[in-house]
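Here are my notes for someone opening this one for the first time.

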Amino acid sequence: MTLRLWKGFHSPELPDLISRAWKSESLLILCPPGLKDFSFLQLFHDHSVEMVGSWDIESLELIARAQTEKVARALQEFPENPVLGVFTSGTVSGEPRLILYSKANIEAALAGVRSFFEVTRIKTIFCYPQPFHTFGLILGYVQAMLFDLELVALPGRYSRPAHDLRASLTTANLLTLGTPTHFHDLLEYARIEKRTLQPSYTSVSGGAKTSVSLWKSMRDELKIESPSIGYGASEAAPAMTHLPPGRMPTEDGEVGFAIPGVSLEIQPEKGVEFTGPNVCLAVIQGGKIEFPEKILIRDELTQRESDRVLIYKGRHELLLNRGGAKFSLEKIQEILSTSFNCEIACVAITDTRLGEELGVLFKFSSDHKMDRRKISEVLKENFGSTFAPQYFVQIPEMPLNPNGKVSRHECERIVREHSLEQWAASGGRFTYPLPVERLSHWLPHRSPAIWIDQINSISADPTTLEGECSVRFDPAANYASDGKLRQSSALEWIAQAYGYVSTCTLLSQATSGLKKPEKAYLVAITNAEWSEAASAASLKPGAELRIRVRRTHQMGHLSLIEGSVLTDTGQLLAKAQIKLFAE
């Protein structure tokens with residue numbers, strides 16, 4: 001059997017590779033971008049291995065090394081042929097677990113999920129989740145292949161153009177797949193761009209807890225007639241329960257009912273155990289392979305007596321669920337403690353967009369000062385993600401509970417109360433020009449639609465709230481279409497520039513009570529102008545565009561801002577007055 005390893009993101013190449021695997025021509029394993037442990041290959045030393053997709057030199061070297069470190073024992077014979085494999089989201093914790101599926105596993109899961117829908121109304125699937133996640137792979141790519149449905153997914157990484165693509169769809173027979181983060185971002189996109197989406201049949205929100213308010217917004221603002229909520233795990237290929245389309249949840253976290261064929265047993269203080277034909281064929285971890293008949297998921301589920309609806313409450317284990325990507329808090333704690341030789345406590349902080357964000361408390365034994373930049377580098381290197389640095393807090397003593405152990409509830413409170421004021425007071429000051437990466441996590445919108453490159457200056461007079469930012473024009477960036485700058489993008493540049501300038505200004509004052517806004521959006525745009533001549537003459541790749549903003553009035557949560565976009569030769573490209581609401 002040929003073992004094909006895919007590494008990459010959404011790609012038009014994948015449907016053919018999946019189809020070939022389904023015909024038992026190969027076993028296709030989809031590897032997440034940050035995967036560094038390829039020791040599972042030691043169990044496949046008698047198989048020919050082919051790399052497909054986009055592989056970097058470091059990964060290829062790691063694969064070659066893993067293939068030379070052969071184990072003495074041969075791979076056990078599979079009870080059924082595996083066709084597809086993915087890694088659990090816990091892969092980013094540093095402990096990769098490879099999940100292999102048979103056709104029967106996948107067919108059972110899809111049959112169970114599809115039983116909740118009017119499947120004749122589904123002709124097209126729009127897929128936000130990447131194919132290396134079981135959500136996107138099975139409910140997106142495989143479902144489209146098996147039932148001859150159109151699959152729409154933006155090639156490459158998740159980015160703002162994915163929302164452009166979703167908003168362009170006009171078919172009513174549409175199923176949209178996404179995590180709550182994807183749908184939050186789509187809502188923000190529609191509000192900012194003032195786009196009205198065409199009515200569509202249904203959606204599945206999964207991978208993290210879905211709130212009642214999000215479900216309602218999906219129905220009312222995104223015009224999804226019958227949203228639904230899915231719950232499961234990679235080991236379940238991926239479905240365990242489903243809240244039927246159109247059934248509005250009455251409390252956050254509702255996940256509906258067990259799918260047909262699945263048996264669930266809630267075990268207090270342990271989790272939920274499930275059995276059924278969708279239990280994965282095999283699990284490979286630590287050089288060992290298992291063929292499970294039942295799986296224990298360390299989640300807390302409850303069942304409402306009145307209607308038997310299952311409700312997801314959280315996890316029993318110390319796990320961070322960040323927009324569907326799951327990280328072991330214990331592993332993060334271990335890495336940071338070793339790297340900085342200090343006492344660490346990690347907690348999950350509620351975040352509107354991502355669901356949860358990482359909070360870290362540091363207690364050093366000396367006068368050592370915390371370095372957020374170095375902390376971020378260590379986290380990026382080990383876990384492949386950039387976390388919000390405003391939630392890194394240095395404290396003199398760890399809070400303890402009555403039993404003398406670290407109180408995680410108190411840790412969460414401390415992190416929540418940690419504000420930009422405390423960061424400024426600890427000595428944080430900026431020199432300009434300042435790359436936006438230093439501030440991107442301190443604004444309410446942290447999607448890939450952060451288009452400003454740097455803050456050039458702010459006014460020395462903090463009462464004026466005035467400054468300048470800049471962008472080096474890239475015709476392939478999210479703010480351009482067909483290589484040309486969208487006029488609406490210039491308006492968003494103005495709004496984003498104001499966000500950065502105002503944040504820098506407030507931080508420079510360390511104003512008492514300064515808090516990060518939870519939400520911000522444009523209320524009105526007036527006196528907008530656009531110069532087609534300046535656009536044609538100056539928008540060349542690499543051209544520096546300067547965005548100048550000034551707040552003229554403020555009334556409570558509303559700010560009136562004047563903004564202009566200038567070309568590198570000083571020509572006026574665009575200008576407007578915008579009214580911004582933030583709280």
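1. Is Glu25 buried, exposed or partly exposed? Glu25 counts as partly exposed, because its relative accessibility is 44% (buried is under 20% relative accessible area, exposed is over 50%, and partly exposed is in between, with a 1.4 Å probe and protein chains only). Its salt-bridge partner is Arg20, with the closest N and O atoms 3.7 Å apart. Arg20 is partly exposed too, at 27% relative accessibility.

2. A word on what you're looking at. This is a predicted model, in which local features need pLDDT of at least 70 and side-chain atom pairs count only at pLDDT 80 or more, while totals for chains, interfaces and linings use all residues. Residues are numbered from 1 along each chain as its sequence is written, and side-chain values use heavy atoms, with hydrogens and water left out.

3. Over the whole structure, the search turns up 26 salt bridges (a side-chain nitrogen of Lys or Arg within 4 Å of a carboxyl oxygen of Asp or Glu). Take Glu225 and Arg121, whose side chains meet at 2.8 Å, N to O. That pair links distant parts of the chain, 104 residues apart: Glu225 sits in strand β10 (residues 224-232), and Arg121 in the loop between α3 (103-114) and β6 (124-127). (Helices, H or I with at least four residues, and strands, E with at least two, are DSSP runs numbered from the N terminus.) Glu225 is partly exposed at 44% relative accessible area, and Arg121 is partly exposed at 24%.

4. Next, have a look at Arg304 and Glu251, which form a salt bridge at 3.1 Å, N to O. Arg304 is in the loop between β18 (299-303) and β19 (310-315), and Glu251 in the loop between β11 (239-243) and β12 (254-258), so the bridge ties together parts 53 residues apart in sequence. Arg304 counts as buried at 17% relative accessibility, whereas Glu251 is partly exposed at 28%. Both belong to one network of salt bridges with shared partners, together with Arg247, Glu254, Asp307 and Lys313.

5. How many cavities of 30 Å³ or more does the search find? There are 2. (On a 1 Å grid over the protein atoms alone, a cavity is a set of points where a 1.4 Å probe fits but cannot get out, and lining residues have an atom within 4 Å of a point; a volume is the space filled by probe spheres set on the points, which are joined across faces, edges and corners.) The largest cavity holds about 60 Å³. Its lining includes Leu110, Phe117, Gln143 and Val204, and the largest share, 3 residues, comes from α3. By class, this lining has 8 nonpolar residues, 1 polar and 1 charged.

6. The second largest cavity has a volume of about 50 Å³. Among the residues lining it are His10, Tyr128, Arg157 and Ser159, and the class count is 6 nonpolar, 4 polar and 1 charged.

7. Finally, a sheet. Three strands make an open sheet in the order β22-β23-β24, with mixed pairing (two strands pair if DSSP finds at least two bridges between them). At the edges are β22 (343-351) and β24 (392-394), each with a single partner strand, so one side of each has no neighbour in the sheet. β22 and β23 (residues 355-363) run antiparallel, joined by 9 bridges. Thr350 stands opposite Glu356 in β23.

Methods: On a 1 Å grid over the protein atoms alone, a cavity is a set of points where a 1.4 Å probe fits but cannot get out, and a pocket is an open set with protein on both sides within 12 Å along at least five of seven lines; lining residues have an atom within 4 Å of a point. Ala, Val, Leu, Ile, Met, Phe, Trp, Tyr, Cys and Pro count as nonpolar, Asp, Glu, Lys and Arg as charged, and the others, Gly among them, as polar.
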